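Biologist: I am new to this structure and would like to learn how to read its sheet; could you show it to me and begin with a pair of residues?

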Amino acid sequence: MGIGLMMVYDMLLHTDYKINGDKLHIRCGFLFRMDLPISRITEITHKSTVLASPALSADRIGLKYGKRNWVYVSPENKEEFISALRSINPLIIID
């Protein structure tokens, strides 16, 4: 039980999404880290999923990259986050 509690605590303290230049840095504890080039994001959806993802909330947005790859995130201010992504890649489709 101690290790599981430490993992949850780590995810609560260290889940974040940062835009640095043309990359989106996604971190969820020590288990998940991803540097996603924003130019690879083709679509953003407001549809939520129960799939495991680096998101602390069930109110997530999906980011499609590549042909069939998705990552779901839950930024505090979704509209501001989407606007920041689209300012770098205006070709992103909002669903």
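Modeller: Begin with isoleucine 61, whose bridge partner in S6 is valine 73. This is a predicted model, in which local features need pLDDT of at least 70 and side-chain atom pairs count only at pLDDT 80 or more, while totals for chains, interfaces and linings use all residues. Residues are numbered from 1 along each chain as its sequence is written, and side-chain values use heavy atoms, with hydrogens and water left out.

Biologist: In which sense do S5 and S6 pair, and over how many bridges?

Modeller: In general, strands of a sheet pair through backbone hydrogen bonds, either parallel or antiparallel. Strands here are DSSP runs of E, at least two residues long, and helices are runs of H or I of at least four, both numbered from the N terminus; two strands pair if DSSP finds at least two bridges between them. Strand S5 (residues 61-65) pairs with S6 in the antiparallel sense, over five bridges.

Biologist: What is the order of the strands in the open sheet, and which strands stand at the edges?

Modeller: The order of the four strands is S6-S5-S4-S7, with mixed pairing. Strand S6 (69-73) and strand S7 (93-94) stand at the edges, and each has a single partner strand, so one side of each is left without a neighbour in the sheet.

Biologist: Is threonine 45 buried or exposed?

Modeller: Buried means under 20% relative accessible area, exposed over 50%, and partly exposed in between, using a 1.4 Å probe and protein chains only. Threonine 45, found in strand S4, counts as buried because its relative accessibility is 4%. Counting contact as heavy atoms within 4.5 Å, and leaving out residues up to four places away in sequence, threonine 45 touches Arg60, Ile61, Gly62, Trp70 and Asp95.
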